[in-house]
Amino acid sequence: MTTQKNYESSKLMSASEKWFNKYEHVKVVPDGVFQGVLDRFNGITIDSAAEECEESFFDEKLTKSIEHWIEEKKRAIWFKVHRDQSYMVPILVRNDFLYHHARGEFVMMYRWLPKDEVMAVPPFAHTMVGVGALVINDKNQVLVVSERNALIPNSWKLPGGYCEMRENLIDAAIREVEEETNIKTRFESLVSVLAARHAHSAAFGCSDLYFILKLIPETQEITKCEREIADCRWMDIDEYLNHENVHETNRSFVSYWLSLQKNGMLIDVVDKTHKLLKRDYQIFFPRNIENGES
């Protein structure tokens, strides 16, 4: 017998990925079948927090659900398993579900059902995004730090770190500078994607993108982060460009900014909102400093 259920509002439905997958509640399912939400790719996602199931019944319900989804020609089946329902994980594994990604409180698992299609499940995020901040004061000094756990001991580099989830490049750079040195800043320019680093096999096996942003200091007195930073200071640019403990990549970032200045250019930012998705985003573009042309 097919019944209509009152489906609890799932955390998944309010998550940031909703706009992309265009999730819709599955309103009618046979008894003993997980309800879930339908995505635009004809896949089903089950959130264990929204559809709790006693451990003793889970295997039977899962089997019946898979049979139903195969009959309905569904494609990728996703299970978002929260820690409180972690007993589901080994049962899902026995039913050919694979791990896709995990965060602190849940693991996402999936199974591709079609036998006549090449699996179209995309990999989880495989690139980490970092920012470095080029902060130069009115004395032509650059803000530099020496990290406690630096790959090259006693080396000087620009303050920076990884972007947090849903954090803009500019916000990340400003935050990292304040966390590491207590210097408050404001955005002036992206130094350039040409002066960014793209590497592979970084942390967790991910690729690594690193953007350098030029920030203007609004304060001058440094207070270092004792946990992460061994030393920090304002250093004359000429000294920085010739210092034996500054890596050539970091020197090149400063050199490229000086080249932009010499040519009267900067890379500005404009805030936009996607007309269809109603989501904010930012576009960086070159601009002539003197006449405002782009």
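Lys-214 lies in strand E14 (residues 207–217); helices (H or I, at least four residues) and strands (E, at least two) are DSSP runs, numbered from the N terminus. The model is predicted, so local features need pLDDT of at least 70 and side-chain atom pairs count only at pLDDT 80 or more, while totals for chains, interfaces and linings use all residues. Residues are numbered from 1 along each chain as its sequence is written, and side-chain values use heavy atoms, with hydrogens and water left out. The protein chain holds six helices and 17 strands. Of its 294 residues, 44% are buried, where buried means under 20% relative accessible area, exposed over 50% and partly exposed in between (1.4 Å probe, protein chains only).

**Lys-214 and its surroundings**

- Lys-214 is buried, with a relative accessible area of 4%.
- The side chains of Lys-214 and Glu-188 make a polar contact at 2.8 Å. A polar contact is a pair of N or O atoms within 3.5 Å; within protein, one must be able to donate a hydrogen and the other to accept it, and residues adjacent in sequence count only if both atoms are side-chain atoms.
- Leaving out residues up to four places away in sequence, Lys-214 touches Leu-134, Ile-136, Arg-186, Phe-187, Glu-188, Ser-189, Val-191 and Trp-257; contact means heavy atoms within 4.5 Å.

**Phe-187 and the ring pairs**

- A search of the whole structure gives seven aromatic pairs. Rings of Phe, Tyr and Trp (its six-membered ring) pair if their centres lie within 6.5 Å; planes under 30 degrees apart count as stacked, over 60 as edge-to-face and the rest as tilted.
- Phe-187 and Phe-284 form an edge-to-face pair, because their ring centres are 6.3 Å apart and their planes stand at 70°.
- This pair links distant parts of the chain, with Phe-187 in strand E12 (residues 185–190) and Phe-284 in strand E17 (residues 280–288), 97 residues apart.
- Phe-187 is buried at 18% relative accessible area, whereas Phe-284 is partly exposed at 24%.
- Beyond four places in sequence, the contacts of Phe-187 include Ile-170, Ile-174, Leu-213, Lys-214, Ile-267 and Phe-284.
- The C-alpha atoms of Phe-187 and Val-269 are separated by 9.2 Å, although these residues are 82 apart along the chain.
- Elsewhere, ring pairs link Phe-34, Phe-58, Phe-79, Tyr-87 and Phe-97 into a cluster.

**Charges over rings**

- The charged end of Lys-61 sits over the ring of Phe-34, 4.5 Å from its centre. The criterion is NZ of Lys or CZ of Arg within 6 Å of the ring centre and within 35 degrees of the ring normal.
- Lys-80 lies over the face of Phe-106, at 4.6 Å from the ring centre.

**Nonpolar cores**

- The largest nonpolar core has 23 residues, of which Phe-58, Leu-62, Trp-69, Phe-79, Leu-92 and Phe-97 touch the most other members. Such a core is a set of buried Ala, Val, Leu, Ile, Met, Phe, Trp, Tyr and Cys residues joined through side-chain atoms within 4.5 Å.
- At least two residues of this core come from each of strand E5 (44–47), helix H2 (55–71), strand E6 (76–82), helix H3 (88–94) and strand E8 (106–112).
- A second, separate core of 18 residues includes Val-131, Phe-211, Leu-213 and Ile-267.
- Outside its sequence neighbours up to four places away, Trp-69 touches residues including Phe-34, Ile-44, Ile-46, Ile-77 and Phe-79.

**Strand pairing**

- An open sheet of six strands runs in the order E2-E4-E5-E6-E8-E7, with mixed pairing; two strands pair if DSSP finds at least two bridges between them.
- Strand E2 (24–25) and strand E7 (98–103) stand at the edges with a single partner strand each, so one side of each has no neighbour in the sheet.
- E5 and E6 run parallel and are joined by four bridges; Asp-47 has Lys-80 in E6 as its bridge partner.
- Strand E16 (residues 265–273) pairs with E17 in the antiparallel sense over nine bridges, and Val-270 has Ile-283 in E17 as its bridge partner.
- E16 and E17 form a hairpin with six residues between them, and Lys-278 in the turn has a positive phi of about 60°.

**Glu-147**

- Glu-147 is placed in strand E10 (residues 141–147) and is partly exposed at 26% relative accessibility.
- Apart from residues up to four places away in sequence, Glu-147 touches Lys-157, Glu-228, Ile-229 and Ala-230.
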